[in-house]
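Please read them with the structure open.

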Amino acid sequence: MSGTLVPVKRTRGRLLRVLGVGFGMAVTIGGVIGMGILRTPGEVAAYLPERWLFIGVWIAGGLYALLGTINVAELGTMLPRSGGFYIFVRRALGPYAGFIVGWSDWLSTCGTTAIVAIVMGEYASKLFPRLAGQSVNIALAVTVGFAILQWRGVRWGSGAQQLTSLLKALAFIALIIACFILGGDVSQTNEPLPPLPTGMALLQALILAMQGVIYTYDGWYNTIYFSEEVRRPARNIPRSMIGSMLLVTGLYLLINLALLYVLPLSEIAGENLAVGLAAQAIFGLYGGMVISLLATVSMLSTINANNMITSRILFAMSRDGLFSQRAVKINRGGTPTVTLFISTATTVLFILSGKFRNVLALLSFFFVINYTMTFISVFVLRRREPDLPRPFRAWGYPWTTLLALVGSLAFLVGALKSDTRNSVYALLLLAASYPAFLLLKWTKASVSDAG
């Protein structure tokens, strides 16, 4: 049996190198800014009822995402192939590690798309009462609609992403401005707050708050799923990733400062939809409509981005022999059509079955592992392939890489403690995946020998 998987031969079409900085920033903004920023401020305020700590963890989360960005940008310019984390981990740590990262990344992104589409459908139903009770149908229509748009070609998907991400950014900027212009300044109010925890309790509160913030920043790496399709990747990948993360961090800080301007911290704490509460404080009875519109617009770009991402992950694995050879077909527009169809069909099944929450709870453990294995890959490739061209090098290596790795390991420990049951299930799934991987190797080797 061959020790490595046999890459398949691409029989038609190719990915088009037509994407620029605008798309790179749009796919990051579209993937990062979503429901997290609407909900997480309430969780953070509940853990840390102190203004400077509340803002401090958002700054820390942005710095962590920036550390990750500069390290992954090195990998993305060094190995400019579409497919995301899978590409780097497979090169550095081998086919089995790539197998784990690729499949978990693909499946969890399909599940995320399903839940975002359902939530968007619920908000659209509130915005248009005639659509009440149609959230599932709305979710299906939007998911399939974006897939049809992308089927026409990568330029269509890119145009939709840039438009929806721009609308999202403008909507949040408008809300921030409204908070500071129309809201009343409560920052000087002597509000009654619960006592700040001390000692180990404070450390635990900081870790839990940071977990929520890091999840809210998740998506900072989205550009690398399209590295093979970005024009002048050595220049445009770092610009897209770093520029978009600075913009997202700035928006997040302004949103939270706006919340503190119009709402006492005691009202933000524990609120499931803190931004919605701020909208009600500013717009009164129209606040619910404003937040529904904001949420609906916000999630459109997330669905489009995730649809594009899942097709690239599955395409990259297929090209390397980790999925069907027939899945490497690309149409004239530069879209991997087979993997787009399979990914969209999987998302549709998740929406119809309602099982996406179970899948996401199980695969959240792998979400952290993907970070960890990617940062390890930076060290491995620097040591093993020092002469490989690196158009962009991580600033401050090895210390910034080490900080990012330590942060992901701490996050991994936190995930194990906060959700032990699903973490154990994930470990069992990890153990069961190895026989499946060996079977896949044997099958591909047999097909190759027969050929």
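1. The largest cavity holds about 40 Å³ of space. A search of the whole structure finds one cavity of 30 Å³ or more. Its lining is made up of Leu 175, Ile 176, Cys 179, Ile 255, Ala 258, Leu 259 and Val 275. Helices α7 and α9 (233–262) each give two or more residues to the lining of the largest cavity. On a 1 Å grid over the protein atoms alone, a cavity is a set of points where a 1.4 Å probe fits but cannot get out, and lining residues have an atom within 4 Å of a point. Volume is the space filled by probe spheres set on the points, with grid points joined across faces, edges and corners.

2. This is a predicted model, in which local features need pLDDT of at least 70 and side-chain atom pairs count only at pLDDT 80 or more, while totals for chains, interfaces and linings use all residues. Residues are numbered from 1 along each chain as its sequence is written, and side-chain values use heavy atoms, with hydrogens and water left out.

3. The second largest pocket has a volume of about 250 Å³. A pocket is an open set of points with protein on both sides within 12 Å along at least five of seven lines. Residues lining the second largest pocket include Leu 63, Tyr 64, Met 210, Gln 211, Leu 403 and Phe 411. At least two residues of this lining come from each of α3, α8 (199–217) and α15. Helices here are DSSP runs (H or I, at least four residues), numbered from the N terminus.

4. The count of salt bridges comes to seven, a salt bridge being a side-chain nitrogen of Lys or Arg within 4 Å of a carboxyl oxygen of Asp or Glu. One of them joins Arg 382 and Glu 74, at 2.8 Å from N to O. This pair links helix α14 (residues 356–384), which holds Arg 382, to helix α3 (residues 51–78), which holds Glu 74, across 308 residues. Arg 382 is buried at 17% relative accessible area, and Glu 74 is buried at 0%; buried means under 20%, exposed over 50%, and partly exposed in between (1.4 Å probe, protein chains only). Glu 74 and Arg 382 also belong to a network of salt bridges with Arg 390.

5. Arg 90 forms a salt bridge with Asp 320, with the closest N and O atoms 3.9 Å apart. Arg 90 lies in α4 (residues 85–93) and Asp 320 in the loop between α12 and α13, so the pair ties together parts 230 residues apart in sequence. Asp 320 is buried, at 7% relative accessibility. Arg 91 forms a salt bridge with Glu 385, the closest N and O atoms being 2.8 Å apart. Arg 91 is partly exposed at 37%, whereas Glu 385 is buried at 19%.

6. Which buried residue has no salt bridge? Asp 105, in helix α5 (residues 95–127), is in this position, and the nearest side chain of opposite charge, Arg 312, is 13 Å away. For charge, Lys and Arg count as positive and Asp and Glu as negative; His and the chain ends are not counted. Leaving aside neighbours within four places in sequence, Asp 105 is in contact (heavy atoms within 4.5 Å) with Phe 85, Tyr 225, Ile 313 and Asn 370.
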